[in-house]
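Dear colleague,

I am handing over the structure below, together with notes on what was found in it. Please look through the model first and then read the notes beside it.

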Amino acid sequence: SAAPVVPIASGAPSWAAHRVSRGEVSVHGVTKHYGLLRVLDDVSLTVPAGAVTVILGPSGSGKSTLLRSINHLERVDRGFIAVDGELIGYRQQGDTLYELAETEVLHRRVDVGMVFQNFNLFPHLTVLENLVEAPIAVRGLKREEAEAQARELLARVGLADKAASYPRQLSGGQQQRVAIARALALKPKVLLFDEPTSALDPELVGEVLDVIKELARSGTTLVIVTHEIGFAREVADTVVFMESGRILESGSPEQVFSAPRHPRTAAFLDKVL
Ligand code: ADP
Ligand code: MG
């Protein structure tokens with residue numbers, strides 16, 4: 001039903017769709033404006049399947065917008081993003097791209113999990129109900145299956161005994177661990193974290209980072225925006241530094257933290273370390 005659209009990338013997107021492999025997140029030449037403000041400026045990034053990428057950068061540099069674009073929440077002006085070989089926002093048929101209808105976007109979004117700074121749990125639902133709702137509605141699981149899976153995930157994040165609690169009865173760290181379990185319940189191909197520990201009291205940060213470390217070890221593809229440098233050093237395969245909508249540099253944690261190539265990266269690290 002949706003109208004065919006002209007290619008969004010320079011060059012043929014059919015070429016784009018063919019050169020991304022399964023499980024991989026591929027961001028290619030992405031530019032986005034809010035009005036006259038260029039928020040993403042020719043951003044390219046590849047996250048191989050099973051790899052962990054940490055994105056650093058000052059406030060306003062476009063980190064959240066990039067994550068939201070990967071999660072189909074924003075439309076980019078130029079360039080393309082693909083997850084596991086499927087273009088975000090478009091369906092490809094032969095050489096023609098069709099814009100996805102809203103229902104198709106919802107369906108595709110299941111492949112990309114997102115964990116936010118403020119947990120975003122449903123306050124009126126128990127922890128268990130927070131975890132079973134979407135798998136039943138979106139993945140079509142039977143209630144017993146969804147509940148069994150939810151209990152398994154709660155055990156994985158150390159909250160087996162909280163199934164009947166409401167979010168307000170949990171600490172921030174526990175709520176964030178529930179949010180991670182909820183994201184995992186949809187079996188996403190990639191999980192995005194937008195400053196997952198920024199809203200937490202310092203003593204609760206560790207328990208959430210431990211859960212993310214376990215995911216990293218288990219081979220889940222992760223893209224994490226965080227200012228936790230020690231954590232990034234430990235889990236990241238690649239560290240990316242953004243400023244003013246651009247990626248100024250990327251490399252191994254060792255390289256970026258110990259010998260940043262760009263003076264802006266060095267100046268930023270001086271402030272957060
Ligand atoms: P970061 O996550 O790195 O702090 P954001 O991606 O949130 O950066 O924001 C990048 C820039 O885009 C900022 O200047 C911000 O004010 C602006 N911005 C973000 N969302 C919107 C929006 N919905 N409308 C207008 N400007 C926005
Ligand atoms: Mg942000």
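**What was found**

Of the contacts in the chain between residues at least 6 apart in sequence, 65% join residues at least 24 apart, where a contact means heavy atoms within 4.5 Å. Please bear in mind that this is a predicted model, in which local features need pLDDT of at least 70 and side-chain atom pairs count only at pLDDT 80 or more, while totals for chains, interfaces and linings use all residues. Residues are numbered from 1 along each chain as its sequence is written, chains are lettered from A and ligands numbered from 1 in the order in which they are written, and side-chain values use heavy atoms, with hydrogens and water left out.

**The chain as a whole**

The chain has a radius of gyration of 19 Å, which agrees with the value near 19 Å that a compact globule of 273 residues would have; the radius is taken over C-alpha atoms, and the globule rule is 2.2 Å times the number of residues to the power 0.38. Along the principal axes, the C-alpha atoms fill a box of roughly 50 × 50 × 35 Å. Buried residues account for 52% of the 273, with buried meaning under 20% relative accessible area, exposed over 50%, and partly exposed in between (1.4 Å probe, protein chains only). The accessible surface comes to about 12,500 Å², and 50% of it belongs to carbon and sulfur atoms; these areas come from the Shrake-Rupley method with a 1.4 Å probe, and for residues only the protein chains shown count as cover.

As for charge, there are 29 positive and 33 negative side chains, and the centres of the two sets lie 2 Å apart. Here Lys and Arg count as positive and Asp and Glu as negative, whereas His and the chain ends are not counted, and the place of a charge is taken as NZ of Lys, CZ of Arg, CG of Asp or CD of Glu.

The secondary structure comes to 10 helices and 13 strands, which are DSSP runs (helices H or I, at least four residues; strands E, at least two) numbered from the N terminus.

Four strands form an open sheet in the order 3-2-5-6, with antiparallel pairing. Strand 3 and strand 6 (86–87) stand at its edges with a single partner strand each, so one side of each is left without a neighbour in the sheet. Two strands are taken to pair if DSSP finds at least two bridges between them.

Strand 2 (residues 25–34) is joined to strand 3 by seven bridges, and to strand 5 (residues 78–83) by five. Seven of the 10 residues of strand 2 are buried, so this strand is largely enclosed by the rest of the structure. On the strand 3 side, Tyr34 has Leu37 as its bridge partner, His33 stands opposite Arg38, and Lys32 is partnered by Leu40; towards strand 5, Thr31 stands opposite Arg78. Strands 2 and 3 form a hairpin with two residues between them, and Gly35 in the turn has a positive phi of about 60°.

Leaving aside residues up to four places away in sequence, Asp41 touches Val30, Thr31, Ser244, Gly245 and Arg246. Asp42, also found in strand 3, counts as partly exposed at 49%, and its phi is near 60°, a positive value in a residue other than glycine.

**Other places to look at**

His72 likewise has a positive phi near 60°; this residue is found in the loop between helix 2 (63–70) and strand 5 and is buried, with a relative accessible area of 11%.

Leu222, in strand 11 (residues 221–225), is buried at 0% relative accessible area. Not counting residues up to four places away in sequence, its contacts include Val47, Ala51, Val52, Leu191, Phe193 and Ile212. Leu222 and Lys189 are 33 residues apart in sequence, and 9.1 Å separates their C-alpha atoms in space.

In helix 4 (residues 127–137), the buried residues are Val127, Leu128, Asn130, Leu131, Val132 and Pro135, and they pack against helix 5 (143–156) and helix 6 (172–184).

With best regards
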